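The sequence and structure are shown first.

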Amino acid sequence: MSISTVPVRLAHPRFGETGRRDAWWIQPLVVFLGLSTFLVYATWAAFQGDHYLYGPYVSPFYSPEVFGPSAHSWFGPKPAVWPAWLPFSPALIILPIPAFFRLTCYYYRGAYYKAFWADPPSCTVGEPRSSYWGENSFPLILQNIHRYMLFISTGVLLILLFDVWKAVWFADPTTGAVSFGVGIGTLVLALNTVLLSGYLFGCHSMRHIAGGCVDQLSRAPLGLRAYSCVTCLNRRHMVWAWTSLFTVGFSDLYVRLCSMGVWSDLRIF
Amino acid sequence: MAAERATFRIWRGDAQGGTFQDYPTKVSEGMVVLDAVHQIQAEQANDLAVRWNCKAGKCGSCSAEVNGNPRLMCMTRLNQLDLSVPVTVGPMHAFPLIRDLVTDVSWNFEAKKRIKRFKPRPPDAPDGTWRIAQGDVERVQEFRKCIECFLCQDVCHVLRDHQMFDAFIGPRHLVYAAALEMHPLDTENRIPDLKRAHGVGYCNITKCCTKVCPESITITDNAIIPLKERVIDQLYDPVAMLFRKLRTRD
């Protein structure tokens with residue numbers, strides 16, 4: 001016996017309409033507030049162009065200082081081609097790299113599509129728009145550059161790692177003699193680098209490059225081990241993403257407040 | 001949970017229209033939603049249409065929406081629900097309604113046929129058998145847990161809200177494609193189809209499919225994103241394309 005059916009659906013849900021009874025709106029709201037807070041702070045801090053150095057510490061927003069007024073600058077002060085209408089800050093040169101890495105990150109994409117674009121607001125919750133392009137066409141097809149952002153961000157991470165090494169060498173203000181030591185700032189920068197490494201090396205593109213792209217990993221034992229390590233980090237990618245976002249902001253804040261004299265850096269030894 | 005009464009608000013209707021109707025019934029410890037629905041069917045609504053089979057979360061037949069969440073009715077225990085208010089039980093929204101809780105999911109079987117079949121390499125041994133390392137098949141074994149309940153298809157907003165059945169095959173079939181594409185013996189190339197005919201680019205990684213999967217398959221992270229990366233390898237990344245061209249020339 002065949003069943004004849006007519007393709008009729010239940011009514012199309014309106015924006016925000018759902019049969020769910022849980023507080024589905026909490027997660028997108030938390031994501032919206034968390035990312036918005038970071039965006040506002042990072043933009044403000046990037047345009048300051050000051051208070052990003054304190055003793056051996058460099059704010060991760062300003063590292064590497066490709067062009068800039070400090071002695072850490074690689075190629076000297078502001079380049080002559082810098083547009084006059086745009087305020088100069090060393091962070092504006094380097095910050096777009098991690099910013100685009102996070103913007104194109106698979107975890108953040110899913111999170112901000114929901115929180116900022118309501119596409120959808122949450123699972124089985126009605127959307128505000130009827131049209132949908134997804135990541136199949138411009139502009140979101142550009143998300144496919146994520147792996148290139150990963151390569152460049154890996155270089156930036158290595159520099160941040162070197163910053164941690166530099167953060168254990170303290171100069172005596174009177175004699176100028178340099179000695180090994182660890183301050184709270186050293187720990188803050190080190191923790192930030194560890195969390196950033198967990199985020200970056202657990203990235204989905206890294207997982208693909210490490211071995212996800214081949215079907216017979218057993219032929220490359222090293223690849224199998226790399227793939228297993230990245231997969232292990234990838235399982236907690238969301239946690240790495242949020243904790244590293246927090247510590248990178250906090251590292252800048254710590255260096256900034258120490259430099260402004262608001263906080264004092266405690267030297268552990 | 002001692003024996004008590006609970007109200008089930010069940011969708012009653014067909015292609016012409018319908019409404020939710022309340023059915024108060026006695027419930028007891030250990031019951032699942034499907035038990036309650038069967039009880040209502042036996043005692044109050046003999047004509048209630050509900051599709052079910054194994055009652056053990058393995059056949060994927062009793063997919064429905066319980067309190068707005070896509071769930072298997074047989075795996076949704078009543079002690080997980082707030083019984084002080086009516087429990088809403090409706091059909092899957094993404095698919096055409098046949099009657100009451102039964103939807104027409106036949107599109108899924110047609111869509112599956114569009115995916116290129118398994119094409120193994122020539123046998124490794126003269127007796128026609130292959131040799132596979134366990135580590136190589138472990139990754140795809142996860143995908144074989146799929147029971148085709150189509151809850152992931154139901155929750156996916158590309159199908160549910162935007163009805164893009166012609167352009168996007170949905171998470172279930174991306175899992176199927178991943179199981180074939182990542183298989184160590186398979187030699188078929190499904191990547192161009194995944195981009196164009198199957199529309200993997202329409203997935204915007206909301207992970208709703210992963211959340212509702214009763215078999216706990218990590219659909220987004222282990223199937224869809226790796227497929228997206230393979231599509232990038234072959235069709236978007238100029239460096240990877242150049243690298244592959246040089247390697248095949250060697």
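With which residue does Asp215(A) form a salt bridge, and how far apart are the closest N and O atoms? The partner of Asp215(A) is Arg230(B), with the closest N and O atoms 2.9 Å apart. A salt bridge here is a side-chain nitrogen of Lys or Arg within 4 Å of a carboxyl oxygen of Asp or Glu. Asp215(A) lies in the loop between H7 and H8 of chain A and Arg230(B) in helix H9 of chain B, so the pair joins two chains. Asp215(A) is buried at a relative accessible area of 19%, and Arg230(B) is buried at 7%. Buried means under 20% relative accessible area, exposed over 50%, and partly exposed in between (1.4 Å probe, protein chains only).

This is a predicted model, in which local features need pLDDT of at least 70 and side-chain atom pairs count only at pLDDT 80 or more, while totals for chains, interfaces and linings use all residues. Residues are numbered from 1 along each chain as its sequence is written, chains are lettered from A and ligands numbered from 1 in the order in which they are written, and side-chain values use heavy atoms, with hydrogens and water left out.

**The interface**

Chain A contributes 50 residues to the contact and chain B contributes 56 residues, contact meaning heavy atoms within 4.5 Å. About 4,500 Å² is buried between chain A and chain B, and carbon and sulfur atoms give 49% of this area. Buried area is the accessible area (1.4 Å probe) that two parts lose on being put together, summed over both. The rule finds five salt bridges across this interface, and 29 residue pairs are in polar contact, both residues being at pLDDT 80 or more. A polar contact is a pair of N or O atoms within 3.5 Å; within protein, one must be able to donate a hydrogen and the other to accept it, and residues adjacent in sequence count only if both atoms are side-chain atoms.

On the side of chain A that touches chain B, helices H4 (106–117), H5 (146–166), H7 (204–212) and H8 (221–234) of chain A each supply at least two residues. Helices (H or I, at least four residues) are DSSP runs, numbered from the N terminus. H7(A) gives the most to this side, with six residues.

**Salt bridges**

The structure holds 25 salt bridges over all chains. Three of them are listed below.

| Residue | Partner | Closest N and O atoms |
|---|---|---|
| Arg147(A) | Asp233(B) | 2.6 Å |
| Asp215(A) | Arg230(B) | 2.9 Å |
| Glu110(B) | Lys113(B) | 3.2 Å |

Asp233(B) and Arg147(A) meet in a salt bridge. This pair crosses between chains, from helix H9 (residues 219–235) of chain B to helix H5 of chain A. Both Asp233(B) and Arg147(A) are buried.

Glu110(B) and Lys113(B) both lie in helix H2 (residues 106–113) of chain B, three residues apart, about one turn of the helix. Glu110(B) is partly exposed at 45% relative accessibility, and Lys113(B) is exposed at 57%. Elsewhere, salt bridges that share partners join Arg147(A), Glu229(B), Asp233(B) and Asp237(B) into one network.

**Arg190(B)**

Arg190(B) is in the loop between helix H6 (170–181) and helix H7 (191–195) of chain B. Arg190(B) is buried, with a relative accessible area of 1%. Its side chain makes a polar contact with the side chain of Glu181(B) at 3.1 Å. Leaving aside neighbours within four places in sequence, the residues in contact with Arg190(B) include Ile115(B), Phe118(B) and Leu180(B).
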